[in-house]
Amino acid sequence: MNLTGSHILSISQFDRESIDRIFDVADTMAPYAARKKATRVLEGAILGNMFFEPSTRTRVSFGCAFNLLGGSVRETTGFETSAIAKGESLYDTARVLSGYSDVICMRHPQAGSVEEFAQASRVPVINGGDGPNEHPTQALLDLYTIRRELDGKGRQIDGLRIAMIGDLKFGRTVHSLAKLLTLYKNVTLVLVAPKELAMPEPIVEMLRECGHKVTITEELSESIKSVDIVYSTRIQEERFTSKDEADLYRGRFRLNQAIYTQFCEPNTVIMHPLPRDSRMEANELDNDLNQNPNLAIFRQTDNGILVRMALFALVLDVANLVDQYSHDVRWFTGNR
Amino acid sequence: MNLTGSHILSISQFDRESIDRIFDVADTMAPYAARKKATRVLEGAILGNMFFEPSTRTRVSFGCAFNLLGGSVRETTGFETSAIAKGESLYDTARVLSGYSDVICMRHPQAGSVEEFAQASRVPVINGGDGPNEHPTQALLDLYTIRRELDGKGRQIDGLRIAMIGDLKFGRTVHSLAKLLTLYKNVTLVLVAPKELAMPEPIVEMLRECGHKVTITEELSESIKSVDIVYSTRIQEERFTSKDEADLYRGRFRLNQAIYTQFCEPNTVIMHPLPRDSRMEANELDNDLNQNPNLAIFRQTDNGILVRMALFALVLDVANLVDQYSHDVRWFTGNR
Amino acid sequence: MNLTGSHILSISQFDRESIDRIFDVADTMAPYAARKKATRVLEGAILGNMFFEPSTRTRVSFGCAFNLLGGSVRETTGFETSAIAKGESLYDTARVLSGYSDVICMRHPQAGSVEEFAQASRVPVINGGDGPNEHPTQALLDLYTIRRELDGKGRQIDGLRIAMIGDLKFGRTVHSLAKLLTLYKNVTLVLVAPKELAMPEPIVEMLRECGHKVTITEELSESIKSVDIVYSTRIQEERFTSKDEADLYRGRFRLNQAIYTQFCEPNTVIMHPLPRDSRMEANELDNDLNQNPNLAIFRQTDNGILVRMALFALVLDVANLVDQYSHDVRWFTGNR
């Protein structure tokens, strides 16, 4: 599958081959993200970073990825009253904004909005999250992280054993990651959630239909015993009807160094889509794990840069030109 | 008239020669806006894109135009509390901010504010809209669009026949466009508005004094029969005392494909300053016109990039250097 | 003291030698800030301009300084709800954001927050103001301005005579400047404030301990008679419990041209950290001083660009490479 000129809207558009291609290109971006080299391959290109809902980390990550390829970024950082309040359709907004830039990243609170926007856009659109629906680059960076972490152990995604923990009902990231795993073979999933926040049945069925082994449980310590990855999540408070309702579940599954040492296999990798809720009452991943070299949560966000660079490079068809336009990095990068 | 170092504050500062010059330079920007070429002529220059009132499209359009010339953009996207709330004068704000950048675009809710700012600024200032007062780049892009649309038919702005429709009382764009048309010869204007929202009398007089033919009517279908351009506008709800009052007029003049086919000459061009109000109760320009090749509303916003690039190039005196610093575009631009 | 890779958190981290070095490098930035030359030394580098509290001038100043060195800027312009509201720690925010950029400027309303952030950051962090605590680049640009203003008269900071006027209790800038002056010899300070807004006793003691002469007074006209610099400040209304309380002090010390002419030595330099409160009831520095060539308040903000460029160049270790990567400025810079 060739991604040149394509929209990136949903993980369901990818087959295994295209994911391999994205990840292989992401690997080639590592020296740029690590500031060993710089490139001006996209010098003159403009990213329209249209965030119609606030988001610091995803917005800045997309913008930096584009800057690292040499391009410029114009952006919006929240609903500005003007056009929408005046009755403008998404079709019009897309037609107008897509005349300005070479590629658009868009976040919008409404499910389906990014796809609707993309249909009217004259340039490729990358979904930066459309409410409860999709956030495909997060799913890709999660899977890419799994690939890299396993690779260090001579392993592949085929045969992965993973525990997903927390709010599996509202957690968009675990849904997407689970769906992506159906592209791989022989995966073992342990789903740890309060009954009321269980993984939706259709996703569980999809996993089982492709031959994966799925265990469902409400108990943390046993479930993390024989896995390669512990993927912890936050209670999605904003999806509940009240904070009180969310409080019922907050803090139910806490992982800290003592539990990790007691129950996990050596070198079990800990992931989390971030932000982790570090307040006393939640504390999904205790700060005492911060020194644990298997805590991969910040490698995940670092990998987000690589994956987003790869998507820009593929959609704009410059993956093979990045090195040709590279130049030296002249500044101090010693602490990175 | 040489624009080097000038402020762009009002359409009244232009004569016909300077408009011709701006439009000729805008023509030369087309290959850059279409990503056939890129230029780094303004590499190292900074635009201060100071929007003290939210506006996605105008703000992003100015920013992209500057990026397309190779420059960098720093911006503000709304009233930030700090300095103004602490009693700072526009004079001080201008003196400070104009020390940072090479040119400033400014939007501000208060009429006259941009001119006051410009007087204290040490760099050229371009008015991006000062409340109900002026928005000169919109007027220029409208006139430029008329020129290009007519040009395709071997016609000129002299001799133009145009219908202006909707809220002609509060619509800043139709006032400015009408004033610009006094620089041309033998224009026929059909002004279609509810009596309460009629074009202000001084503007009508100005048009008639220069020999233009002006018809005033409240009836849509007949008035669009013999014109080159139908220029539709939105009810400026935000200028009314209440939404109810605005509702009295909303949806009074609706144009759709059936009406267009029945009444308009073939190839009559449809324009609108955008955003168009696509809500059921308004629907000034029906979505069924979206496939009509004479719907020029998105060509207008595209032309906005050209006109703004031209203004930057003229004000900063690089119009003749753009090509010299051009380079190839390396990325996929196929869908544009 | 070598600043390569260092955080810039507090003025207390500097000795006289390092300040001299910063100021010498700032001097070399003048041709770039004046657009006599441009440089691409930081081409490919990214500044994370993280303003978790609104601020137009400081934010734009940092961003422009980085652009002038050829780098790109990604930024945030206020508290966005997402991560913080979801319980993310500053540690996590820092670990994530510092993976994106090469250097971070940060403003945050909470004292100590920037230092906490810096401890977790993988790249150098520059404090852009942490609430009532520190704003070191403001203090440095103030001192740099004093150096330059005195230099024009063949004088040095040693032996400086300065009057500080206004809200010396809550004014962060005067505290920082006073502390910096303890690095110099033989300084005379006249502190003019209402008794309730007097300079904190520990700072006065610090000044006296290093041999400086400190006079405390509530009377303006006599106190400005024999000084090189009059440093006026704004009543920090936002630090009072009510506007009424602030009003008690507002407008107590007004300087205008008549008072200046009557009391000041010729060529006494007037400074102010800005914004100055120009409302009738405050009017610390009257507008009739705007034509006075000794009004240095806009030279201060201009110098802010030089000092911030110098800090970036030193922290990223490119101070000696700036000229090597310079190129011509092609655009009109005549009004500057």
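# A tour from domains to the three-fold axis

Start by colouring chain A in two pieces: domain 1 covers 11–134 + 303–328, and domain 2 covers 137–298 (the bounds come from an automatic or database domain assignment). Before you click further, note that this is a predicted model, where local features need pLDDT of at least 70, side-chain atom pairs count only at pLDDT 80 or more, and totals for chains, interfaces and linings use all residues. Residues are numbered from 1 along each chain as its sequence is written, while chains are lettered from A and ligands numbered from 1 in the order in which they are written.

**Stop 1: between the two domains**

Taken over C-alpha atoms, the centres of domain 1 and domain 2 of chain A are 27 Å apart. Select the contact between them and you'll pick up 16 residues from domain 1 of chain A and 13 residues from domain 2 of chain A; two residues are in contact if their C-beta atoms, placed from the backbone, lie within 7 Å. On the domain 1 side, the elements giving two or more residues are helix H1 (16–33) and helix H12 (297–315) of chain A. Helices (H or I, at least four residues) and strands (E, at least two) are DSSP runs, numbered from the N terminus. Colour that domain 1 side by class and you get 9 nonpolar, 3 polar and 4 charged residues. Here Ala, Val, Leu, Ile, Met, Phe, Trp, Tyr, Cys and Pro count as nonpolar, Asp, Glu, Lys and Arg as charged, and the others, Gly among them, as polar.

**Stop 2**

Zoom out to the whole chain. Chain A has 12 helices and 11 strands, and its C-alpha trace spans about 55 × 50 × 40 Å along the principal axes. With 336 residues, a compact globule would have a radius of gyration near 20 Å, and chain A agrees at 20 Å (taken over C-alpha atoms; the globule rule is 2.2 Å times the number of residues to the power 0.38). Of the 336 residues, 54% count as buried. Buried means that 20 or more other C-beta atoms lie within 10 Å of the residue's own, exposed means 12 or fewer, and partly exposed is in between, with C-beta atoms placed from the backbone. Among contacts in chain A with a separation of 6 or more, 77% are between residues 24 or more positions apart.

**Stop 3: Val192(A)**

Now pick Val192(A), in strand E7 (residues 188–192) of chain A. Val192(A) is buried, with 27 other C-beta atoms within 10 Å. Leaving aside neighbours within four places in sequence, its contacts are Ala163(A), Met164(A), Ile165(A), Thr217(A), Leu220(A), Ser223(A) and Phe253(A).

**Stop 4: the core**

Bring back the other chains. In soluble globular proteins, nonpolar side chains tend to be buried together. The largest nonpolar core here has 321 residues, and those with the most contacts inside it are Met309(A), Met309(B) and Met309(C). Such a core is a set of buried Ala, Val, Leu, Ile, Met, Phe, Trp, Tyr and Cys residues joined through C-beta atoms within 7 Å. Centre on Met309(A): not counting residues up to four places away in sequence, Met309(A) touches Met29(A), Tyr32(A), Ala33(A), Ala65(A), Leu68(A) and Leu69(A).

**Stop 5: chain A meets chain B**

Select the contact between these two chains: 35 residues come from chain A and 32 residues from chain B. On the chain A side, strand E2 (46–51), strand E3 (72–76), helix H3 (82–85) and helix H4 (90–97) each give two or more residues, with H4(A) giving the largest share, 4 residues. By class, that side has 12 nonpolar, 13 polar and 10 charged residues. Only 3% of the interface residues of chain A are also interface residues in chain B, so the copies meet through different surfaces.

**Stop 6: the axis**

What rotation superposes chain A on chain B? A rotation of 120° with 0.0 Å of shift along its axis does so, at RMSD 0.0 Å; that is the relation of a three-fold axis. (Superposition is by least squares on the C-alpha atoms of residues with pLDDT of at least 70 in both copies.) Click Ser72(A) to find the C-alpha of chain A nearest the axis, 4.7 Å from it.

**Last stop: Lys36(C)**

Finish in the loop between helix H1 (16–33) and strand E1 (38–39) of chain C, where you'll find Lys36(C). With 13 C-beta neighbours inside 10 Å, Lys36(C) counts as partly exposed. Apart from neighbours within four places in sequence, Lys36(C) is in contact with Pro31(C) and Val329(C).
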